[in-house]
Amino acid sequence: MLSKTIERFNFNMKKNAFLFQQLINRDFQQRYKRTVLGMAWSVLSPLFQLLVMMVVFSRLFGRNVDHYVIYLFAGNITWSYYSESTNNGMSSLMNNAGVLSKINVPKYLFLLSQNVSALINYGLTIIIFFVFCIVDGIKFTPAMFMLWYPVAWLVIMNVGIGMVLSALYVFFRDIQYLYRIFLTLLNYLSAIFYTLDHFPAAMQRLYLLNPLYVNIKYWRTVVIDGVVPSLGFHALIAFYALLFLGLGCFFYKKYNHRFVYYF
Amino acid sequence: MNAIECDDVSIRYITGDFKSIGLKEYIMRRLTHNFHVQEFWADRHVTFTVEKGDMLGIIGSNGAGKSTLLKAVTGIMIPTGGTIKTNGRMAALLELASGFDAHMTVRENTYLRGAMLGYTKDFLDEKYDEIIAFAELEEFQEHMFKQLSSGMKSRLAFSVACLVNPDILILDEVLSVGDGAFRKKSGDKMMQILNSGTTGVLVSHSIGQIRELCNKVLWLDHGNQIAFSDDVQLYCDAYDQFLMTKELPQNEDDVRKLADGFLIRQQEQRKKNEEKETQRLEKIIEEGHSDAAINAAIRVLQKGRPEALADQYR
């Protein structure tokens, strides 16, 4: 059953490769081409954010932390990517309602193309991140080659969450506002600008329930501590991603055909 | 092999509380047992088959479920009940002018729309000039889409959608796109496709069009199937009469009665027209102040109907 689904997905992707490419092209243009700053903005925006956070938080939380800027940056780019990708994913179906209710095209393509353009943005900020690493005197170790791992699983998780959200958004328009509140909450719970060192051990373990925190922690362990996390940690990251992807596929499969009724 | 097989298709919309209230309100109303939905059947137990080469016309007043049925046929909607099977490559010309991207150029939009309709890149590269030429947008290729007039937008939508040679062509009131000249051109294009043996489904409020083009007719009313028949003239007669009397036929006798009613009405209409014409001519002759008018009338009668004159002036 699963292999059949994957086979069909592959077949559809091959058939719709041109459409997918066109959609990515469109998203890319909407984002960059029509502005003067263009691509530069997607680099500048997280830099400004980082600057603000640095000014505000270094004195408060960063006094006892090595490489606090990198600590902050690792959390911030991951969180930015997550929030952008899921936010855009959420509205991807409704924004194309005009097309989807008139032409029979696979709906998930619209979601995936949004994810691709968010991923490109993420890639750009990762490059800036490494520039900061050099400036901050981080030692480059072979462990860093493992950084593809959290990135790859985060992409999968974002697609899954995007699927759930975009399906919900078709039925409930106020999800948009509720999710924004949730994102703010998630930001505070992901230990982006503070450390968990002075928290009790039980409390620290609770943070592992947050997939985003787990992902960010992987980055920090590799980049700042220079070691690869344990095998169990790898498994946890994969588990969360697959969980949300499964949930997303389930939602999609179940409600896919009902979307058109609500556009 | 049948091109379209539609078996006992029903389509239900959920209306009422659901769509507009949002998640918070939904949960609250669920908790307080205050949540109500209404069902709305856009189509109920619709059954028909279209063979290859057929042209099916769907008639019915507004809200009969015609467009919804077409959405099900094109696969955009999965029907709540029943099954639809189609055979062959399908091109659907529903109301397509929406769904373009306002901030992209005409060229980009053409490619994007083409891709959505399932064309390949090579095909689009080859046909692009033809599409633009047909839509008469040569000067606007690099303009933003939002700068176009609404007529231009519809023209582009039509041009992109109809430049394939589909096995099944689905038309929803699209034969009235753009200005007079373009309407003629698009109508010709449609006829050309249909005459090449393509199977067609046509929704139209113009009964004349259905009579002219279709060899099968499906009559819907408030989602219910009133008739499916290949006696197009009879059912168009009956439908025309129904529009006057608003009496739905219950069986075939009723249909005949309606059709007869239509024919009688038509005859009366003809008689009335004749009378009017007679009156008009009489008036001309009466108002002719000289004898010239009278002489002209007599001369015409002498030439065309000498026996009529002979009768009168025996």
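## Exercises on chain B

In this predicted model, chain B has a radius of gyration of 27 Å, while a compact globule of 314 residues would come out near 20 Å. Let's work through what goes with that number.

**Exercise 1.** Find out how chain B is divided into domains and how far apart their C-alpha centres lie.

*Solution.* Start with the domain assignment: domain 1 of chain B covers 2-231, and domain 2 covers 263-312. Next, take the C-alpha centres of domain 1 and domain 2 of chain B, which lie 50 Å apart. Finally, look at the box that the C-alpha atoms of chain B fill along the principal axes: roughly 90 × 55 × 45 Å.

**Exercise 2.** Describe the make-up of chain B, from its helices and strands to its buried residues and contacts.

*Solution.* Count the elements to begin with: chain B holds 11 helices and 9 strands. Then turn to burial, where 35% of the 314 residues of chain B count as buried.

**Exercise 3.** Work out which parts of chain B touch chain A, and what classes of residue they bring.

*Solution.* First, size up the contact: chain B gives 25 residues and chain A gives 23 residues. On the side of chain B, the elements that supply two or more residues are α1 (18-31) and α3 (106-116). Of these, α1(B) makes the largest share, with 5 residues. Sorted by class, the side of chain B that touches chain A has 14 nonpolar, 7 polar and 4 charged residues.

Definitions and conventions: Residues are numbered from 1 along each chain as its sequence is written. Chains are lettered from A and ligands numbered from 1 in the order in which they are written. This is a predicted model: local features need pLDDT of at least 70, side-chain atom pairs count only at pLDDT 80 or more; totals for chains, interfaces and linings use all residues. Domain bounds come from an automatic or database domain assignment. Two residues are in contact if their C-beta atoms, placed from the backbone, lie within 7 Å. Helices (H or I, at least four residues) and strands (E, at least two) are DSSP runs, numbered from the N terminus. Ala, Val, Leu, Ile, Met, Phe, Trp, Tyr, Cys and Pro count as nonpolar, Asp, Glu, Lys and Arg as charged, and the others, Gly among them, as polar. The radius of gyration is taken over C-alpha atoms; the globule rule is 2.2 Å times the number of residues to the power 0.38. A residue is buried if 20 or more other C-beta atoms lie within 10 Å of its own, exposed if 12 or fewer, and partly exposed in between; C-beta atoms are placed from the backbone.
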